[in-house]
There are 2 protein chains.
Amino acid sequence: MSLKAFRGALLDFVDDPFYASEADSVRYLPDGLLVLEDGKVKALGTYESLQASYANVPVTVYPDRLIMPGFIDTHVHFPQTEMIAAYGEQLLEWLSKYTFPTEGKFKDKAYAQEIASFFLDELLKHGTTTALVFTTVYPQSVDAFFEEANRRHLRMIAGKVLMDRRAPDFLTDTPETAYAESKQLIEKWHGHDRLLYAITPRFAVTSSDEQLRLAGKLLAEFPDVYMHTHLSENVNEVRLVAELFPDSDGYLDVYDRAGLVGSKSVFAHGVQLTDAEFQRLSIARSAIAFCPTSNLFLGSGLFNLKRAKSVDAPVKVGLGTDVGGGTSLSMLKTTSEAYKVTQLRGETLSPFQALFLATLGGARALSLEDRLGNFEPEKEADFIVLNPRATPLMARRNPTAIATSLPELADQAFATMILGDDRAIHATYVMGELAYEQG
Amino acid sequence: MSLKAFRGALLDFVDDPFYASEADSVRYLPDGLLVLEDGKVKALGTYESLQASYANVPVTVYPDRLIMPGFIDTHVHFPQTEMIAAYGEQLLEWLSKYTFPTEGKFKDKAYAQEIASFFLDELLKHGTTTALVFTTVYPQSVDAFFEEANRRHLRMIAGKVLMDRRAPDFLTDTPETAYAESKQLIEKWHGHDRLLYAITPRFAVTSSDEQLRLAGKLLAEFPDVYMHTHLSENVNEVRLVAELFPDSDGYLDVYDRAGLVGSKSVFAHGVQLTDAEFQRLSIARSAIAFCPTSNLFLGSGLFNLKRAKSVDAPVKVGLGTDVGGGTSLSMLKTTSEAYKVTQLRGETLSPFQALFLATLGGARALSLEDRLGNFEPEKEADFIVLNPRATPLMARRNPTAIATSLPELADQAFATMILGDDRAIHATYVMGELAYEQG
């Protein structure tokens, strides 16, 4: 038994601020103590209330910092790290011009390992401790990713990409090899240490009916495994799916008929969803990864967050960076662009709602809320130490480091969202161990 | 006579890449020499071609860097620096809730001076060497700004804000005091060293007909002076202007009837402009400051850049950060968000077009192209030293520091736009003197 503690301002969420009041959903302790045992949360409270009980426990103190649960990125492509910021195209053209050639390089496992290592270090530097990750069609790229994630003891979800058509030959599998290789990878990695597997058809355009059907069969055989794909990102994509699946009742229905729409299914984007599709996702308890920097960069459109978070037919939502379609691995920047999307829609997104999406909301979207997402006892202690005064401009905008009330905290958190980037991440902890500290 | 030279990769524009080909508009010297005399450009060419002629001139060498003209921010509010990232409102509500109370603090000249100093240092750190700047209604805030700009020997344009209604009493002037104070400030500052004056009615909502008329009279008396205001930013604002000026033929016409629409008039935003208004701006040779981070943050909408840069009725366009409505003082980030706006409109913006807007395009919008904006002989030597590999991610995305062809440069420039921020600004020079260097 190994106990340790962290003292500082602590912020996490105990409920969803889209539905509950801020007072009921935000937990803020300006002078808190977070006690860990063997990498998990043992206790959380004000320093005053807990110090006597844990008097002999070593304490790391972070004055002038804000300690929060680690960020959760619900949609990102590790092989696209190096092709971030590719110019001038919208989704379908961007895929063939930039993405497919880049992903071809991941047949080489050593290369895949190098990029996976770089990618995971960048995630930690940006305060992201858990992600749902696309790899490539090559099983060795999945191995490379999981090996690197495991080396860092991270909770990560990933899977081999399935594509059996409309992609270069060197990037395609078949329904049968996709099934067999995925099954083998599930058996190898799902539940290994903190790693989890996601069956990952790229999207309806690049998978035949038969490939989707077999993916659904695999999911039925391993109901504990995730399903991760893209859905209704771009207008031309939706049109193409309708042409490719003339018998389907819309884009989501293509996945639904294959048995791919369930409570562990995560769909990236959903910018073009119909009302009926939102309803269906709500009933199925599926999740959407809202990827604002990508949706703006590729010109896909403005996600209807208000509809997704409606009271009558709520859909689980997390935030995704979607690098390389997205423009930053920073979840702070992602919340900032999410705010801009809601503003363009004439709606808004409060700082607490945004930070909820980046933490507990992401955990719920990934069905990990029993393990991650806030500082409840027994949860895994992945957390970050934020500096709301990391740059001269942030320091001027946030004159006091420690907010003393919820409104003051909201203002500070909002400015940190809008102005912050990796410089605001002072340190990142994984299972209670320091995994990154700003140099 | 004082000669000095800088050796490195040099990039500037000699024509407008919205109308001319890249080959005709982009000047790129992978190993160039920029020779200065008394703070102005004396000669520009390949190192090879010029070295013999300037063999005795001291040379500063920047290997692995890109030397460009300083950025030009065509619309920004220095008093709003500290209220950047204010939450949750669109234009009109944002003004009364956040902006007006903040601007009230600038009655105190010492405070105004402190913020002006901070603001100008931040501009230099972000690579911006010239800006068209809103101050406040208080003449002492104009003095404070110009004093600080002059201390840094910067070419800056600014003016006292005119508001005689629909603002708190402490922030309003009258048509007569506005006229008299502006006139006094013009005589004091316009043409003083590198400083220039702009008559600055905030916008039609906060100026009476009489105030606008007197502003027009002043502009007629000083035709060399600028006019700087806001125009058609937000739908509710346009509606309110129509109510306030029932006899006008649209928003622009309110300014036009007062004699405020001319070749030295710069209008911020123009998101909601009608086709007739674009035509009128083209004929009048007025300029628009396109402020993408602000237009997204305040949910104002998507500026029609394509229309503004049309061949048949071209309007001069510069980029503005519009801090505090905008979310960053970085012109790199501003180009990045400009790209996203064009993508959302189903159009696009090439990296060279974007960097043109941030340099020579801005100079043209501010009628400063005879003095600034590129490296033509006799121009003032305000320039920046860019590091396209400033972060680990940028270094991976831009594997070679010095591009050897235009397509390679375009790719590098685009990645630098999308991924870059103040960290990519290695150094900033003003009139050939080092004004900022990354610590």
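Start at S208(A): it counts as buried because its relative accessibility is 17%, and the cut-off for buried is under 20%. Keep in mind that this is a predicted model.

**Stop 1: around S208(A)**

Stay in chain A. S208(A) sits in the loop that links β9 (196–201) to α7 (209–221). Now show the neighbours. Leaving aside residues up to four places away in sequence, S208(A) touches D164(A), R165(A) and P175(A). Next, select Q211(A). Its backbone nitrogen is 3.0 Å from a polar atom of the S208(A) side chain.

**Stop 2: the sheet of chain B**

Move to chain B and colour the strands. Seven of them form an open sheet with mixed pairing. Trace the order: β3-β2-β1-β4-β14-β15-β16. Which strands are at the edges? They are β3 (40–46) and β16 (433–437) of chain B, each pairing on one side only.

Zoom in on β16(B). Strand β15 (residues 425–430) of chain B pairs with β16(B) in the antiparallel sense, over four bridges. Pick T428(B) there. Opposite T428(B) stands Y436(B), in β16(B).

**Stop 3: helices on the sheet**

Select residues 351–358 of chain B, which make up helix α14. Helix α14(B) lies across β1 (3–13), β2 (26–37) and β4 (59–69) of chain B. Its direction runs at about 130° to β1(B).

Then select residues 406–419 of chain B, helix α17. Helix α17(B) packs on the sheet and touches β1, β2, β4 and β14 (383–386) of chain B. The angle between the directions of α17(B) and β2(B) is about 75°.

**Stop 4: where the chains meet**

Show both chains. In contact are 46 residues of chain B and 46 residues of chain A. How much area do chain B and chain A bury between them? The value is about 3,900 Å², with 58% of it on carbon and sulfur atoms.

Look for charged pairs next. Eight salt bridges are found across the interface of chain B and chain A. One to display joins K340(B) and E337(A), whose closest N and O atoms are 2.6 Å apart.

Finish with the helices on the chain B side. At least two residues each come from α4 (109–125), α11 (292–297), α13 (331–344), α16 (392–397) and α17 of chain B. Which helix gives the largest share? That is α13(B), with six residues.

How values were computed
Residues are numbered from 1 along each chain as its sequence is written. Chains are lettered from A and ligands numbered from 1 in the order in which they are written. This is a predicted model: local features need pLDDT of at least 70, side-chain atom pairs count only at pLDDT 80 or more; totals for chains, interfaces and linings use all residues. Side-chain values use heavy atoms; hydrogens and water are left out. Two strands pair if DSSP finds at least two bridges between them. Contact means heavy atoms within 4.5 Å. Axes are lines fitted to C-alpha atoms, for helices over the stretch in contact, and angles run from 0 to 180 degrees between N-to-C directions. Buried means under 20% relative accessible area, exposed over 50%, partly exposed in between (1.4 Å probe, protein chains only). A polar contact is a pair of N or O atoms within 3.5 Å; within protein, one must be able to donate a hydrogen and the other to accept it, and residues adjacent in sequence count only if both atoms are side-chain atoms. Buried area is the accessible area (1.4 Å probe) that two parts lose on being put together, summed over both. A salt bridge is a side-chain nitrogen of Lys or Arg within 4 Å of a carboxyl oxygen of Asp or Glu.
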